[in-house]
Amino acid sequence: SRNCDHYRAMYDLPVPSHSDIGLERSSSVGSRGGLTMIRVGIVSQYYDPEGSSAVVPGFIARALVKRGMSVDVLTGFPNYPYGRVYRGYRQAPHVREEREGVRIHRVPIYPNHSDRAIARVMAYGSFAATSSLAIGCLRGCDVILVYSTPVSVGLGPALAQLVGTRPVVTLVEDLWPETLLHSGMAGTGAMWRIAQGAATWFSDW
């Protein structure tokens, strides 16, 4: 599709070296062609085989693998945009799979994509909680990329950064909490103030 071509072109970029991004060479992954591979962790609530804008993390992960990097993705069970887990998947505490050279770690999520604010908060909060508990699967990564939609995805990496030294990079796809306001899920009352406080905390860490 045209959108897929757009994303594919967007992330068809040269890969930096360790020195370019201020990293020491990783000792946790083997070498290829005499050079130690960079190990990248990606945290995203959405990932393949989910469609629409959820294809972006997959394009990034495959592009990094194509350039010789080792990639682990921490994500939920596919349910977007239907709000129900895809056929062929059953939720479990931690399921590992591999797609096109990318190691995928799936954790439980409350599947919901309705306009009901409480249900959506439960969906966002469930992945924030389960991914935080499973963030150890990205131990040893040189850098962690957070695909920040929703903003709550950053909870696990933020906690990991408090006790570790690895850099965390955030890719902002939606502006929070403005996204909630324009979607009609949060007005200007208590829900808005909570969302604004959470977004401010995540943007500051």
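**Entry 1: the salt bridge of R39 and D72**

I looked up R39 and found that R39 forms a salt bridge with D72, with the closest N and O atoms 3.3 Å apart; a salt bridge here is a side-chain nitrogen of Lys or Arg within 4 Å of a carboxyl oxygen of Asp or Glu. The pair links distant parts of the chain, since R39 lies in strand β3 and D72 in strand β4, 33 residues apart. I note that helices (H or I, at least four residues) and strands (E, at least two) are DSSP runs, numbered from the N terminus. This is a predicted model, in which local features need pLDDT of at least 70 and side-chain atom pairs count only at pLDDT 80 or more, while totals for chains, interfaces and linings use all residues. Residues are numbered from 1 along each chain as its sequence is written, and side-chain values use heavy atoms, with hydrogens and water left out.

Are R39 and D72 buried or exposed? R39 is buried, with a relative accessible area of 13%, and D72 counts as buried at 2% relative accessibility; buried means under 20% relative accessible area, exposed over 50%, and partly exposed in between (1.4 Å probe, protein chains only).

**Entry 2: further salt bridges**

I followed D72 onward and saw that the side chains of D72 and R103 meet in a salt bridge of 2.8 Å, N to O. This pair also links distant parts of the chain, with D72 in strand β4 and R103 in strand β6, 31 residues apart. R103 is partly exposed, with a relative accessible area of 32%. Salt bridges that share partners join R39, D72 and R103 into one network.

I then turned to R62 and D48, whose side chains meet in a salt bridge of 2.5 Å, N to O. R62 lies in helix α2 and D48 in the loop between β3 and α2, 14 residues apart. R62 counts as partly exposed at 22% relative accessibility, whereas D48 counts as buried at 11%. The count of salt bridges comes to 6 by this rule.

**Entry 3: helix α2 and the cores**

I checked how helix α2 (residues 56-66) is placed and noted that the helix is mostly covered, with 9 of its 11 residues buried. Among them are F59, I60, A61 and L64. Just after α2, G68 takes a positive phi of about 90°.

Which element supplies the largest share of the largest nonpolar core? The largest nonpolar core has 17 residues, and those with the most contacts inside it include V40, I42, A61 and L64; such a core is a set of buried Ala, Val, Leu, Ile, Met, Phe, Trp, Tyr and Cys residues joined through side-chain atoms within 4.5 Å. The largest share of this core, 5 residues, comes from α2. I also looked at L64, which touches V40, I42, M69 and V71, not counting residues up to four places away in sequence; contact means heavy atoms within 4.5 Å. A second, separate core of 14 residues includes V43, V107, A134 and L138.

**Entry 4: strand β7**

I looked next at strand β7 (residues 143-148), where 6 of its 6 residues are buried. V143, L145 and Y147 point one way from the strand, while I144, V146 and S148 point the other way.

Strands β3 and β7 run parallel and are joined by 4 bridges, and V146 in β7 is the bridge partner of V43. Strand β8 (residues 168-172) also runs parallel to β7, with 5 bridges between them, and S148 stands opposite V172 in β8.

**Entry 5: aromatic pairs**

How many aromatic pairs are there? I found that the count comes to 2 aromatic pairs, where rings of Phe, Tyr and Trp (its six-membered ring) pair if their centres lie within 6.5 Å, and planes under 30 degrees apart count as stacked, over 60 as edge-to-face and the rest as tilted. Y46 and Y80 form a tilted pair, 5.0 Å centre to centre with 50° between the planes. Y46 lies in the loop between β3 and α2 and Y80 in the loop between β4 and β5, so the pair ties together parts that are 34 residues apart in sequence. The rings of Y82 and Y86 have their centres 6.0 Å apart and their planes at 50°, so this pair is tilted. Y82 counts as exposed at 54% relative accessibility, whereas Y86 counts as buried at 17%.

Terms used
Pairing = 2+ DSSP bridges.
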